[in-house]
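User: I have a structure open and have never looked at it before. Can you take me through it?

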Amino acid sequence: MSAPVSVSLLVNGEPIDAFVLPRINLADFLRENLKLTGTHVGCEHGVCGACTVRIDGEVVRSCLMLTVQAHGASVETIEGISDSGEIADLQAAFRERNALQCGYCTPGMLMTAQDLLKHSPAPDRQAIREHLSGNYCRCTGYQAIVDAVEATARMRAERPA
Ligand code: FES
Ligand code: FES
């Protein structure tokens, strides 16, 4: 078995130094070592999007990334972007439109939706569907999720600068 290796990274702005086995993926490290269980694990194969986090500002599937690959990076999880208030309006829109049921997909869905709204502030419904197409939801039928993202885009556009 390989020996643990040293990694240093920022997680939600906090410096983390740890020793990890080289095969431990980032999703497991966040959940098991740091107890950041908002990052969910569904397929473990990069398909469902439940494990989506941001690395240096870009969304990635943390089940596909080894923790050692995140050495030196800034990782943001759903806890971080939720606590900062960055997605408060998006979360409220999800709640108001019943865009979640079991909630398993929701952290990844919120991370991905926020990524879309950052890069494309006024997406149409087709663009929202396409951007979220890699995030699976087995409960909602997606309609309410698209409604919530569309409503958030509209509210942000109307908000005074
Ligand atoms: S658990 Fe990572 S994409 Fe499904
Ligand atoms: S709300 Fe259950 S998987 Fe999406």
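This is a predicted model: local features need pLDDT of at least 70, side-chain atom pairs count only at pLDDT 80 or more; totals for chains, interfaces and linings use all residues.

Analyst: One term comes up throughout: buried means under 20% relative accessible area, exposed over 50%, and partly exposed in between, computed with a 1.4 Å probe on protein chains only.

User: Which domains does the chain have?

Analyst: The assignment gives domain 1 (5-81) and domain 2 (85-158); such bounds come from an automatic or database domain assignment. The C-alpha centres of domain 1 and domain 2 lie 22 Å apart. Their contact (heavy atoms within 4.5 Å) takes 18 residues from domain 1 and 16 residues from domain 2.

User: How much area do domain 1 and domain 2 bury between them?

Analyst: About 1500 Å², 55% of it on carbon and sulfur atoms. Buried area here is the accessible area (1.4 Å probe) that two parts lose on being put together, summed over both. On the domain 1 side, Arg 54, Ile 78 and Ile 81 lose the most area to domain 2, together 36% of what that side buries.

User: And how many salt bridges are counted between domain 1 and domain 2?

Analyst: The count is 1 salt bridge, meaning a side-chain nitrogen of Lys or Arg within 4 Å of a carboxyl oxygen of Asp or Glu. A search of the whole structure finds 7 salt bridges.

User: What does Glu 76 pair with?

Analyst: Glu 76 forms a salt bridge with Arg 54, the closest N and O atoms being 3.0 Å apart. Glu 76 lies in strand 5 (residues 74-76) and Arg 54 in strand 3 (residues 52-55), so the pair ties together parts that are 22 residues apart in sequence. Strands (E, at least two residues) and helices (H or I, at least four) are DSSP runs, numbered from the N terminus.

User: Are those two residues buried or exposed?

Analyst: Arg 54 is buried at 3% relative accessibility, whereas Glu 76 is partly exposed at 22%.

User: What about Glu 86?

Analyst: Glu 86 also forms a salt bridge with Arg 54, with the closest N and O atoms 2.9 Å apart. Glu 86 sits in the loop between helix 2 and helix 3 and Arg 54 in strand 3, so this pair ties together parts that are 32 residues apart in sequence. At 27% relative accessibility, Glu 86 is partly exposed.

User: Which residue does Arg 125 bridge to?

Analyst: Arg 125 forms a salt bridge with Asp 147, the closest N and O atoms being 2.9 Å apart. Arg 125 is in helix 5 (residues 125-131) and Asp 147 in helix 6, so the pair ties together parts that are 22 residues apart in sequence. Arg 125 is partly exposed at 26%, and Asp 147 is partly exposed at 27%. As for shared partners, salt bridges join Arg 54, Glu 76 and Glu 86 into one network.

User: New topic. What is in the largest nonpolar core?

Analyst: The largest nonpolar core has 23 residues, and those with the most contacts inside it are Leu 90, Phe 94, Met 109, Leu 132, Ile 145 and Val 149. A nonpolar core is a set of buried Ala, Val, Leu, Ile, Met, Phe, Trp, Tyr and Cys residues joined through side-chain atoms within 4.5 Å.

User: Which elements give two or more residues to this core?

Analyst: Helix 2 (78-83), helix 3 (88-96), helix 4 (106-119) and helix 6 (143-158). Apart from this core lies another, of 16 residues, among them Val 7, Ile 16, Ala 18 and Leu 30.

User: Last one: where is His 45?

Analyst: His 45 lies in the loop between helix 1 (26-33) and strand 3. His 45 is exposed, with a relative accessible area of 62%. Leaving aside neighbours within four places in sequence, His 45 is in contact with Cys 63 and Leu 64.

Note on methods: Residues are numbered from 1 along each chain as its sequence is written. Chains are lettered from A and ligands numbered from 1 in the order in which they are written. Side-chain values use heavy atoms; hydrogens and water are left out.
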